[in-house]
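Trainee: I would like to learn how to read the features of a protein model. Could we take them one at a time?

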Amino acid sequence: MPIPVSWARMSPIHSLPVELLTSIFQLGVNSDPIPDEQVRGQPTFEVLVSHVCRHWRQIALHSPHLWTTVHFRTRAHMTRGEVYLSRNASLPIDIYVDTCSEDDYQLRKDLLFRDDFLPIFEILIHHIKRWRELHLIVADLECKSHARTVLSKCGTAPKLETLQLWHVQNWRTSERLYNHIGPPPVVVFGGELPCLKHIILQGVNLPWSRSPFLRNLTSVDFALHSDNVRMPFELWRDMLDASPALTRLSLLFAGPRAASTGTSSQSDGIDWWGAPPPPPDLPLQPGTRLPPSTDPVQLLHLREVQLNNLEADYLIALFRTLDAPNVRALHLGLDFEDQDFTPFVEFLAAPPLHPGVKPRAPSAHANGAPGHTAGPGPKFPMLERLSVSALRCSLGSWRALLAASHRLTRLEADFAQITEGAFDVLLEPAPAPDVPAQDPSEDDCAVCRVNGSAREAGARDAPPANGHAPPARALPILPALTSVRVSGVPGRPLAQLAALRRAAGRRIRRWELDEGGRDEVGEALEREAAALSEAHEAREKERAGGRVVEPWRWDEPLERVVWFREEEEEEEEDESAYEGSDGGDTGDTGDEGEDGEG
């Protein structure tokens, strides 16, 4: 029987089972950036595959899990949102509503603004029992008023896991933010969000005492809260105590209230909750209320901490009340020109021991094995990643922090915004910690340059003629460091750091360098890293006798240099590229022609 012509012409991909194609489509949708980070004008993956051919279109339109993210940014998106909701009539939905400021609306009349806010939620409110994520951004006080109305009357969202409320207003100065007097906050979702895990509030506060859903959280992200609207400390502590599985804490000009609320005769401000523990031999009157630092909240699952635009004294007081020995990632963006953060950095490097404090529970590795135990040491003894965008402190405190971070494998730093001389500390030696050495084979290189001299590939230091062993190579500070992202440093100091760490057998495998600081020495470092990697790969293949053994070891080069641009520069270029255009936000849903072709 001859094969039909239509079969013979069919692309092999059309022979894939529908179930497999559906899984591939889902992987594509999962790989798309979230709507807030999507490139304007670029179609989403689900729309893209629904345009390829009639067969793919039918599969896509009948796969509701492809249409679970509903994004509203322009008026055209309102129609698109209704189409998405019709294609997914039962599965949980993730909602992004991004309204604009008055200035932006004058430039682009298709953006969502005041008159469009309530109609958006008229579309969404019927599906509130399916809301899984709500990301709501307002940049106008009238839109914020509409949001208060909607969220105070909508009732509970029983499946909501992520709540992000952003009020993005250009307050110009922190004083204007602090002095802004708005209406009191309203109870949202009837005070009931039984599945809430992630709370993100920027420029938005809640009636804290009437928000019982602030418990069992896994991430807390608070930003731009003037002190008068911050959570009283007792409620803050209750929230953390009731969230033992918390993994992420991010604070930007936010946190517990520093001023006393004045609701009782005893102070509940920072002068009480931020005080150090009293000496154990200090006689106390009966009924004396001890500060929370004597019994810190245990956050044993906390892995990531981000701190931005908070004062040094406030940070020390705050972290006296928290015990988080398993933090792996720390970001510091402490951008106060008149603030010296030396005391806080010293506190991170070696917090003072107080005999009156309850003992810390031992930390543990991810596999359950014992980790750091209680005792003197840094505040975050398990720290692996440190990111610093702004920090003014003494070189001594900076050195102490790095010297205490024995496990640090990645450092991200804008050294233009850190104390002068901070990069030079990386060129200093440090006492050798208990860190396993790198594979000796990785220490070989095609040409290793140390202090301007070259050493041939595979060459080893020969033992001295007198038979005595050569002196041990001094370990550099941050001995476990393998990855850096650096800006504000020219090429020569970077090359010096590379040579020093190669000589010590502690090479940096990945260098991410600021494109704005590219120079000849930096480019020479890039070429040298490529040559070292090529030589290392060739040696590995030679040792394997030409056989392909463990090819995954070659996926990441021995050393690699990549260049990046600062986000601010990219954003400026993006704005200029879309100026005067619709930015590609056409609301396309793939409905042009039922066959999806053309």
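Predicted model: local features only at pLDDT ≥ 70, side-chain atom pairs only at ≥ 80, totals over all residues.

Trainee: What percentage of the residues of the protein chain count as buried?

Mentor: Buried means under 20% relative accessible area, exposed means over 50%, and partly exposed lies in between (1.4 Å probe, protein chains only). Here 45% of the 598 residues of the protein chain count as buried.

Trainee: Among contacts between residues at least 6 apart in sequence, what percentage join residues at least 24 apart?

Mentor: Contact means heavy atoms within 4.5 Å. In the protein chain, the figure for such contacts is 76%.

Trainee: Which strands does β3 pair with?

Mentor: Two strands pair if DSSP finds at least two bridges between them. Strand β2 (residues 93-98) runs parallel to β3, joined by six bridges; I95 has L134 in β3 as its bridge partner. Strand β4 (residues 162-167) also runs parallel to β3, again with six bridges, and L136 stands opposite L165 in β4.

Trainee: Is β3 mostly covered or mostly open?

Mentor: Strand β3 (residues 131-138) is mostly covered, with six of its eight residues buried.

Trainee: What unit do β3, helix α8 and β4 make?

Mentor: A crossover is right-handed if, with the strands pointing away from the viewer, the path from the first strand over the helix to the second runs clockwise. With helix α8 (residues 141-153), β3 and β4 make a right-handed β-α-β unit. Another such unit, also right-handed, is made of β12, helix α14 (residues 395-404) and β13. In that region, β12 (residues 385-390) is joined in parallel to strand β11 (residues 329-333) by five bridges, with L332 opposite V388 in β12. Four bridges pair β12 with strand β13 (residues 410-414) in the parallel sense, and L386 stands opposite L411 in β13.

Trainee: Where is F121, and what does F121 touch?

Mentor: F121 is in helix α7 (residues 114-124). It counts as buried because its relative accessible area is 3%. Not counting residues up to four places away in sequence, F121 touches V97, W131, L136 and V150. The C-alpha atoms of F121 and V97 are separated by 9.4 Å, and the two residues are 24 apart along the chain.

Trainee: How is a pair of aromatic rings described?

Mentor: By the distance of the centres and the angle of the planes. Rings of Phe, Tyr and Trp (its six-membered ring) pair if their centres lie within 6.5 Å; planes under 30 degrees apart count as stacked, over 60 as edge-to-face and the rest as tilted. This structure holds 14 aromatic pairs. One of them, F415 with F423, is edge-to-face, at 5.3 Å centre to centre and 90° between the planes. Both F415 and F423 are buried. Ring pairs also link F117, F121, W131 and F189 into a cluster.

Trainee: Which rings have the charged end of an arginine over them?

Mentor: A charge sits over a ring if NZ of Lys or CZ of Arg is within 6 Å of the ring centre and within 35 degrees of the ring normal. R230 has its charged end over the ring of Y314, 5.5 Å from the centre. R289 has its charged end over the ring of W272, 3.9 Å from the centre.

Trainee: What does the side chain of S211 reach?

Mentor: A polar contact is a pair of N or O atoms within 3.5 Å; within protein, one must be able to donate a hydrogen and the other to accept it, and residues adjacent in sequence count only if both atoms are side-chain atoms. The side chain of S211 reaches the backbone oxygen of P207 at 2.9 Å. S211 is in the loop between β5 (198-202) and β6 (219-223), and counts as buried because its relative accessibility is 5%.

Definitions and conventions: Residues numbered from 1 in each chain as written. Heavy atoms only, no water. Helix = DSSP H or I, 4+ residues; strand = E, 2+ residues; numbered from the N terminus.
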